[in-house]
Amino acid sequence: MVERTVRIGSTHGLHARPAKLFTQAAAASGSSVTISKAGGTPVNAASILGVISQGIDFGDEVTLVVDGGDEQRVLDELVELLSTDHDE
Amino acid sequence: MEIKGTGIGLGVAVGSVVRMADRLPEPVDRASHLDPEREAERAKASLSVVAEELNRRGRQAGGAAQDVLEAQAMMAEDPTLIDDVVKRLADGKTAERAVFEAFAAFRDMLLGMGGYMGERAADLDDVSQRVVAHLLKLPAPGVPNPGHPFVLVARDLAPADTAMLDLTQVLGLVTSDGGPTSHTAILAREKSIVAVVGAADAASLADGDMVIVDAANDLVVTDPTPEQVADATERIAERAAREAAPVTPGALADGTPVPLLANLGSADGAAEAVKLGAEGVGLFRTEFLFLDANTAPSVREQQEQYTRLLSAFPGSKVVVRVLDAGADKPLAFLNANEEENPALGLRGIRALRHSEVILREQLTALAAADAATDADLWVMAPMIATVDETRYFTTLCAELGIRYAGVMVETPSAALIADRILDVAAFASIGTNDLTQYTMAADRLLGTVANLQDPWHPAVLRLVGEVGAAGAERGKPVGICGEAAADPLLAVVLVGLGATSLSMSPSALADVRASLARYTPDDAKAIARAALAAEGAAEAKLAAKDAASEITTARATAP
C-alpha cells in the first residue's frame with residue numbers, strides 16, 4: 001500500500017470533467033484507490049459520485065491511497081492527473 | 001384533420017412527428033416479489049445498458065456534450081451508487097424503487113452543495129429516469145434525438161428540456177398543454193421556433209405522422225394533401241424572404257411612427273436585438289441580477305451591468321423595470337414568508353416598498369449608469385395598483401436622479417384609473433401577460449385555465465383602451481411590453497387602442513413590422529373597434545382578422 005498527498009491543479013476543482021478523467025483512470029488502474037480531503041473520510045476513487053460529493057476545490061490538498069497491482073506506477077499517474085489543470 | 005391550438009408567431013413548418021415521452025411517475029414503494037439477488041441483477045443490467053447508451057450518444061455527439069454524457073454514463077455504473085442500490089434491495093424494495101431512491105439521495109446531496117454541483121443534479125435525474133424507464137420497459141423520457149429533422153410533440157416542455165433542444169433538428173413544436181405564456185411558448189418566441197401550444201388533441205399524434213404546424217392560423221394539419229404541403233412550403237419561403245428584408249423603423253402605412261422595441265432579460269441579447277431592428281429596449285428585466293443571489297448585488301455590480309446595456313443603445317430609449325420579485329420568482333432576501341396566493345401577494349412595488357433599501361440602491365445604480373452613457377433611460381415600477389404607489393415611486397426616482405419615471409399597468413385597477421396615474425407618472429407600459437391574468441382571474445402558470453389566458457379577450461382590450469385614451473389626452477406615451485405585442489395582428493389592434501410603442505422578443509420584430517406597415521391609424525382603430533365589440537377572445541381575433549382582410553382587399557381592388 002502506498003500513499004501521497006497532492007494539491008489540486010484544476011482551476012475549478014475536482015468537478016465534472018476533471019473528476020471524470022480522474023475516476024476513469026482510477027477505475028482502469030486495476031488497483032484499489034481511495035481519495036480523501038484533509039481530515040475527511042476516504043472514498044472510492046473509482047466512484048464519480050463519491051469523488052464529486054467531496055466538493056474538492058482548486059488548491060485543496062488530498063491524500064491518495066493505492067493498494068494492490070502496480071501500486072507505485074498507478075500512484076504516480078494519478079498524482080500527475082490531479083496536479084494538472086484540466087480547465088484551461 | 002385539423003387540431004386547434006394557439007400559434008406562436010406567424011411561422012409554418014412541415015415535418016414528421018416525434019413524440020417526447022412523459023416524465024415517469026415515482027416508482028411505488030412496495031415489497032418485491034423477487035429475492036434481493038434477482039432484483040440486483042435486474043438493476044445492474046439496466047444500469048449498464050443505460051451507461052452503454054449514454055457512451056454511444058457521447059461518441060456520436062463529440063465535443064463538450066461527449067464529456068457530459070460520459071460523466072452521466074459513469075454515474076450509472078458508479079460503485080458507490082450500486083452499493084447503495086444493493087443496500088436498499090436488501091430491505092425488500094423493487095429494483096425500480098431502489099434505483100430511484102439511490103439516485104434521489106445523491107441528487108439531494110448535490111443540490112445541497114449548491115452552485116455548479118447543484119446544476120449537475122439534473123444530469124443525475126436524467127440518468128435515474130432512463131434507468132427506471134429501462135427497468136419498466138418504457139421509452140426513455142426527455143427530448144428525443146431521432147437523427148433527422150422533426151416536429152416535436154410533447155405534453156409540455158420543462159425548462160431543462162428546452163435547454164436540450166437541438167434547434168437545427170426541431171422544425172416545429174406542438175404541445176397539448178401550456179398556454180401562450182408557458183415556458184415552451186416563451187422559448188419558441190425567443191428562438192423563432194414554429195410552435196402551436198395548448199393543442200389538446202395533439203395527444204393523438206403518433207411518431208412518424210406527417211403534419212403541417214401552422215402557427216399563423218393556430219392549427220396543426222394532420223395527413224396533409226400534396227396541395228397543402230406545397231402551399232405551406234411556399235409560405236415558408238415567403239417568410240424567409242420577409243426576414244431577409246431590410247430593417248426599417250416601425251411605422252403605420254401613412255408613416256406614423258410606432259417604435260418597435262426589444263424585451264431583454266440581460267445585457268447579452270442587446271447586439272442581437274439591434275441587428276433585428278430593435279429601436280431601443282421597451283422592457284429590460286433586472287431579475288437576472290438578483291436570482292441565485294442570497295443578498296442583493298452591490299450598487300457597483302449593478303451599475304456595471306446597466307452601463308453595459310445602455311452603451312449598446314446610444315441615443316435610443318431603454319426602459320428598465322426595477323426588480324419584480326414575488327409570485328413565480330421569489331427571492332430569499334425579499335420574499336421571506338410563504339404566501340397562499342403569491343400572485344396576489346407582496347410582489348413588485350409592494351415588496352420593494354417593504355425593503356426600500358433595495359429599490360434605492362437599484363435606482364442609484366441606474367442613475368449613475370444613465371449619467372455615464374448616451375442612452376435615454378426610462379425606469380418603471382411593476383405591479384402598480386394605486387396612485388399612492390405611483391407617487392411613492394416617482395418621488396423616489398426624482399430624489400435619486402431618474403428623469404423619466406413611469407409605471408407598468410398590470411392590474412385592472414391601474415388601467416381603470418390610468419388617467420389619475422398618468423397625471424403623476426411620465427409614461428405607462430402595459431404588461432399584457434399579468435393584465436390578462438388579473439383581469440380574467442386565471443393563474444397564468446396553470447395549464448388547466450390556460451384557455452382564459454388570452455390577451456385577445458375584449459375585457460383586456462377594453463382596459464388597454466382606457467390606458468391608451470388616458471395617455472393620448474395627456475400626451476404621455478403608452479407602451480406595450482407583454483407577449484401580446486409580438487402577435488402581428490394584435491399589435492395593430494393595440495396601436496388602434498392607443499399604444500404608442502410596442503416591445504417584444506426581438507425574433508418577433510420582422511413580422512410585427514410587416515404587419516403594421518399594412519394599416520393606417522384609421523384602419524388600426526377600425527380593426528380595434530371590431531375586436532372590442534366581440535363577445536370573447538376567439539371571436540375578437542376572428543373579427544379583427546375579418547376587418548383587416550376587408551381593408552386590405554378593398555385597397556387591392558381600389559383604382
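**View 1. The open sheet of chain B.** In this predicted model, an open sheet of chain B is built from eight strands in the order 1-8-7-3-4-5-6-2, and its pairing is mixed. Two strands are said to pair if DSSP finds at least two bridges between them, and the strands (E, at least two residues) and helices (H or I, at least four residues) are DSSP runs numbered from the N terminus. Strand 1 (2-4) and strand 2 (6-8) of chain B are the edge strands, each of which pairs on one side only. On average, neighbouring strands of this sheet are turned by 30° against each other, direction ignored, where axes are lines fitted to C-alpha atoms (for helices over the stretch in contact) and angles run from 0 to 180 degrees between N-to-C directions.

**View 2. Strands 3 and 4 of chain B, with helix 8.** Strand 3 (residues 12-19) and strand 4 (residues 150-154) of chain B run parallel and are joined by three bridges. Opposite B:Arg19 stands B:Val153, in strand 4 of chain B. Helix 8 (residues 226-244) of chain B packs on the sheet, where it touches strand 3, strand 7 (210-214) and strand 8 (219-222) of chain B, and its direction makes about 115° with that of strand 3 of chain B; contact here means heavy atoms within 4.5 Å.

**View 3. The closed barrel of chain B.** Eight strands of chain B form a closed barrel that runs 9-10-11-12-13-14-15-16, with parallel pairing. Neighbouring strands of this sheet are turned by 25° against each other on average, direction ignored.

View 4. Helix 13 (residues 387-400) of chain B lies across strand 12 and strand 13 (404-409) of chain B, and runs at about 150° to strand 13 of chain B. Helix 17 (residues 458-474) of chain B lies across strand 13, strand 14 (428-430) and strand 15 (478-480) of chain B, running at about 145° to strand 15 of chain B.

**View 5. Where chain A meets chain B.** Here 15 residues of chain A are in contact with 16 residues of chain B. The two chains, A and B, bury about 1300 Å² between them, 73% of it on carbon and sulfur atoms; buried area is the accessible area (1.4 Å probe) that two parts lose on being put together, summed over both. Of the area that chain A buries against chain B, 42% is supplied by A:Lys20, A:Ile48 and A:Leu49, more than by any other three residues.

**View 6. A salt bridge between the chains.** B:Glu70 forms a salt bridge with A:Lys20, with the closest N and O atoms 2.8 Å apart, a salt bridge being a side-chain nitrogen of Lys or Arg within 4 Å of a carboxyl oxygen of Asp or Glu. Helix 1 (16-28) and helix 2 (48-52) of chain A each supply at least two residues of the side of chain A that touches chain B.

**Notes on the views.** Residues are numbered from 1 along each chain as its sequence is written, and chains are lettered from A in the order in which they are written. Local features need pLDDT of at least 70 and side-chain atom pairs count only at pLDDT 80 or more, while totals for chains, interfaces and linings use all residues, and side-chain values use heavy atoms, with hydrogens and water left out.
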